[in-house]
Amino acid sequence: MKLFARPKCFSEALRLVTILSCLLGFRAFEYPRDHPRPILGFIYLLFMYGIFYNGSFRLLEKFYANNVKLLRMEYVLYHLLIYIIIVSVIFKMFLGWWHTKKFKVCLKKIFEIDKTLRQLGLSVNYDRLYFVTIGIITVWITTAFSISIVLFVQLQMRTNIFTSIYIILVHIYGFTIIGINTFEFCIFVKYLEIKFKLVNQLLCESLTNLSTKEIKLDVFELKDYAKTMNTKKRKHIFSMKMIFRRRRKMQQIHLELCKISKIVCTVFGVQIAWEIGEIIMILIVSLYNLYVRFIIQQYKVKSWVNQTTFALAMCFMCILKAVPLSCICKYAAVEGNKTVEIIHGCDANTNIQEEIQQFGIQILQSPVTFSVFGLTIDYRVLTMVCT
C-alpha cells in the first residue's frame with residue numbers, strides 16, 4: 001500500500017500505527033504478512049526495553065544527581081516518577097505483545113462488518129481516518145524533533161554529545177510508547193462511534209419504511225394474497241422483504257460492534273487504566289515543581305524558566321490525552337445505546353415488534369460502555385484528573 005493511496009479497509013487505514021507499534025516493540029511483528037512471529041517479537045521487545053531501561057534509569061539518574069539540585073521531596077517524587085515510567089513501559093509493551101492475537105481478531109471482525117455493509121450497497125470510506133492519522137503522526141514527529149533540539153541545546157551545556165543524544169532518544173521512545181497506546185484505543189473507539197451512528201440511521205430508516213408499507217398494504221392481514229395481488233403489490237412485498245433483511249443485518253452488525261467494543265476494552269483496558277494513573281501522577285509532580293519554583297524558592301533558581309516551561313508542557317500533554325480519551329468514549333457509548341430509543345420509538349406489526357423488543361432487551365442487558373475495572377471512561381475521567 002502506497003503512503004497516500006486510499007485505504008480499502010480499516011486495517012489499511014491503521015497500517016502506519018501498526019507498523020510503528022511493531023517497530024517500538026509494542027506488537028508482535030509479522031513476516032511475511034499474516035504470519036506472526038511471537039517469539040521473535042518477544043525477543044525484540046526485551047531488546048528495546050533493555051536499551052530504554054539502561055538509558056532512562058542509569059544515565060538519566062546519574063545526570064540529574066550530578067547536574068541538577070533538587071529538594072528532598074522533589075528528589076523522592078522524581079525517582080518515584082522514573083520508576084513508574086520504567087514499569088509502565090515494560091507493562092504496556094508486554095500487554096501489547098500478549099494481546100496481539102486478540103488485536104488481529106478485532107481487525108478481522110471489523111473487516112467482516114465492512115464486507116456486510118458493502119453487500120448492502122453501502123460505501124465504506126476510511127480516507128478521512130487515514131489522513132487524520134498521517135497528520136497526527138506528522139505533528140508528533142515535528143513536535144518530538146522540536147523538543148529534541150531544545151533539549152539537545154540544554155544538555156550540551158552539562159554533558160557530552162553522545163549522552164545528550166542517548167537521553168533524548170530514550171525520552172522520546174518512552175513518551176511514544178505511552179502515547180501510541182492511547183492513540184490506538186481512540187482510533188478503535190472512533191470507528192465504533194461512526195459505525196454505531198450509521199447503523200442507527202439505517203435502522204431508523206428501515207423501521208420507518210417498514211411501518212409505512214405495512215399500513216399501506218396491510219400485508220399481514222391478507223390470507224390469500226398470492227391470487228389477488230397485482231404486479232405493483234408484488235414489488236412492494238419484495239421491497240418489504242429487502243427491508244426485513246436489511247433490518248436484521250443492521251441488528252447483527254450492532255451486536256458485532258458491541259462484541260468489538262468488549263474486545264477493545266480487553267486489549268487496551270489495563271493500559272488505559274494505567275495511563276489514567278500516570279496522568280494523575282505526572283500532574284502532581286509537575287504542579288509540585290511549579291509550587292517549589294514560585295512559592296518556596298521564589299525565582300531564585302537560575303534555570304527556573306526552563307523548568308517551568310517543561311512542567312507546563314507536561315501538564316498540557318496530560319490534559320491533551322485525557323480530554324479526547326474521555327470525549328470519544330462518551331460519544332461512542334451514547335451512539336451505541338441510542339439504538340434502544342430508536343427501537344422503542346418505532347410503530348411496527350406485533351410480530352415484528354416482539355422481535356425488535358427482544359433486540360432492545362439484549363442491548364439493555366449489555367449496554368455499550370468503555371470501562372476499566374468498573375471505571376467508565378467518559379467525562380468522569382476528566383473530573384478525576386482535574387480533582
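Me: In this predicted model, what is the mean pLDDT of the chain?

Reply: The confidence of the prediction can be stated for the chain as a whole. Of its residues, 76% reach a pLDDT of 70 or more. The mean pLDDT of the chain is 77.

Me: Which element of the chain has the lowest mean pLDDT?

Reply: Among the elements of the chain, helix 5 (residues 100–119) has the highest mean pLDDT, at 89. Over residues 214–229 the pLDDT is below 50, although this stretch has 23 contacts in the model beyond near neighbours in sequence. The element with the lowest mean pLDDT, 47, is helix 8 (residues 225–228).

Me: How many helices and how many strands does the chain have?

Reply: Read along the sequence, the elements follow the pattern α-α-α-α-α-α-α-α-α-α-α-β-β-α. The chain has two strands, and its helices number twelve.

Me: Among contacts between residues at least 6 apart in sequence, what percentage join residues at least 24 apart?

Reply: The chain has 387 residues, of which 45% count as buried. For contacts between residues at least 6 apart in sequence, the share that joins residues at least 24 apart is 81%.

Me: Where does UniProt place the feature "transmembrane region", and how far apart are the end C-alpha atoms of residues 129–153?

Reply: The unreviewed UniProt entry places this feature at residues 38–55, 76–98, 129–153, 165–192 and 272–292. In the model, residues 38–55 are 100% helix and 0% strand, with end C-alpha atoms 26 Å apart. Residues 129–153 are likewise 100% helix and 0% strand. The end C-alpha atoms of residues 129–153 lie 36 Å apart.

Me: Which cysteines does Phe370 touch, not counting residues up to four places away in sequence?

Reply: The contacts of Phe370 include Phe185, Val189, Leu192 and Ser261. Also among them are Ala332, Ala333, Leu375, Thr376 and Ile377.

Me: How many residues apart in sequence are the parts tied together by Glu278 and Lys92?

Reply: The side chains of Glu278 and Lys92 meet in a salt bridge, at 3.4 Å from N to O. Glu278 lies in helix 9 and Lys92 in helix 4 (residues 72–98), so the pair ties together parts that are 186 residues apart in sequence.

Me: Are Glu278 and Lys92 buried or exposed, and which residues are linked with them in a network of salt bridges?

Reply: Glu278 counts as buried, because its relative accessibility is 6%, and Lys92 is buried with a relative accessible area of 0%. The salt-bridge network that includes this pair also links Glu275 and Lys321.

Me: Which residues form salt bridges with Glu256?

Reply: The count for the structure comes to eight salt bridges. One of them joins the side chains of Lys109 and Glu256 at 3.5 Å, N to O. Lys109 lies in helix 5 and Glu256 in helix 9, so this pair ties together parts 147 residues apart in sequence.

Me: About how many helical turns separate Lys259 and Glu256, and what is the relative accessibility of Lys259?

Reply: Because Lys259 and Glu256 are three residues apart in helix 9, they are separated by about one helical turn. Glu256 counts as partly exposed at 24% relative accessibility, and Lys109 is partly exposed at 25%. Lys259 also counts as partly exposed, its relative accessibility being 44%.

Definitions and conventions: Residues are numbered from 1 along each chain as its sequence is written. This is a predicted model: local features need pLDDT of at least 70, side-chain atom pairs count only at pLDDT 80 or more; totals for chains, interfaces and linings use all residues. Side-chain values use heavy atoms; hydrogens and water are left out. Contact means heavy atoms within 4.5 Å. UniProt positions are given in the numbering used here, feature names are shortened, and annotations may be inferred rather than shown by experiment. Helices (H or I, at least four residues) and strands (E, at least two) are DSSP runs, numbered from the N terminus. pLDDT is the predictor's confidence in each residue, from 0 to 100. A salt bridge is a side-chain nitrogen of Lys or Arg within 4 Å of a carboxyl oxygen of Asp or Glu. Buried means under 20% relative accessible area, exposed over 50%, partly exposed in between (1.4 Å probe, protein chains only).
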